[in-house]
Amino acid sequence: MNWNLLYKRAYIPYSERPAACVVESKNGHFYAGVRIENVSYPITIPAVQSACAICLSEGEIPAGLYIENREFDQLDFWVKEFNLKVHEVESPPIENTEDLFHPADNNFNTLPKLKSLLTKAVTPNSDFPVSAMLFTNDGYFEGVNIEVSDWTKGLCAERVVIAKAITAGITEFEKLEIHTKKGEISSPCGACRQVIAEFLPYHEIKLHHAEGTLSEHLSIDLLPFNFKSASLKKQG
Ligand code: THU
């Protein structure tokens with residue numbers, strides 16, 4: 001494994017400045033994270049947030065951070081939040097990061113899986129677990145929402161699962177399914193809709209509502225007339 005390999009997975013069409021890092025969990029597992037930009041710049045997921053959120057969503061606690069240099073958005077916050085031991089290294093200390101892709105036939109019954117996934121959500125602030133499954137044509141990634149001491153630095157289940165797939169180098173998707181057990185309906189928030197619009201612009205979104213019903217939508221219908229622009233200044 002080398003940094004360039006991970007940097008190539010970063011989604012950075014607006015800055016053209018790649019960022020990637022690797023988090024080591026308390027149990028010694030490694031979770032990569034890449035920078036995932038959005039056409040609406042403030043919704044961008046920095047690499048360290050991505051790696052920590054992925055680690056947390058797998059039921060693990062971040063303990064160490066491997067980076068090439070210190071030029072990372074949110075670095076100080078995440079280092080302090082988990083008391084991370086920071087290692088500046090020439091290459092990531094691993095052959096591979098955890099393989100978080102689940103090969104599967106797309107037509108299986110997803111609700112039991114979405115329900116069991118809810119137990120992995122990290123929701124000390126809201127006690128409102130959300131689960132998400134993001135499908136390619138031959139399998140899926142799992143996501144849950146994660147919360148930390150700063151409310152603004154947690155991530156919704158939808159964005160965690162997108163971060164996981166993009167970090168794994170997967171960019172072609174079929175559909176996204178989400179579930180919440182509380183509240184009347186399960187429905188992605190506005191920020192997630194903008195991120196969904198970027199990666200799954202005309203895709204199927206299945207919402208498994210708390211009261212047992214299912215509704216199916218096209219992402220374009222969930223955020224019609226979403227923000228787009230080809231005339232943003234690049235930072236590269
Ligand atoms: N949440 C999601 O995971 N997805 C959504 O689309 C709505 C909100 C989470 C974020 C936070 O952890 C909790 O629900 C309350 O906002």
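1. Let us start with a term: two residues are in contact when heavy atoms lie within 4.5 Å. By that rule, 25 residues of domain 1 touch 24 residues of domain 2.

2. A word on the model: it is predicted, so local features need pLDDT of at least 70 and side-chain atom pairs count only at pLDDT 80 or more, while totals for chains, interfaces and linings use all residues. Residues are numbered from 1 along each chain as its sequence is written, and side-chain values use heavy atoms, leaving out hydrogens and water.

3. Where are the domains? Domain 1 spans 3-88 and domain 2 spans 102-222, with bounds from an automatic or database domain assignment. Their centres, taken over C-alpha atoms, are 20 Å apart.

4. About 2100 Å² is buried between domain 1 and domain 2, and carbon and sulfur atoms give 66% of that. Buried area here is the accessible area (1.4 Å probe) that two parts lose on being put together, summed over both. In domain 1, Arg-9, Ile-43 and Ser-57 lose the most area to domain 2, together 23% of what that side buries.

5. Now the charged pairs: there are two salt bridges between domain 1 and domain 2 (a side-chain nitrogen of Lys or Arg within 4 Å of a carboxyl oxygen of Asp or Glu). Glu-58 forms a salt bridge with Lys-164, with the closest N and O atoms 2.7 Å apart.
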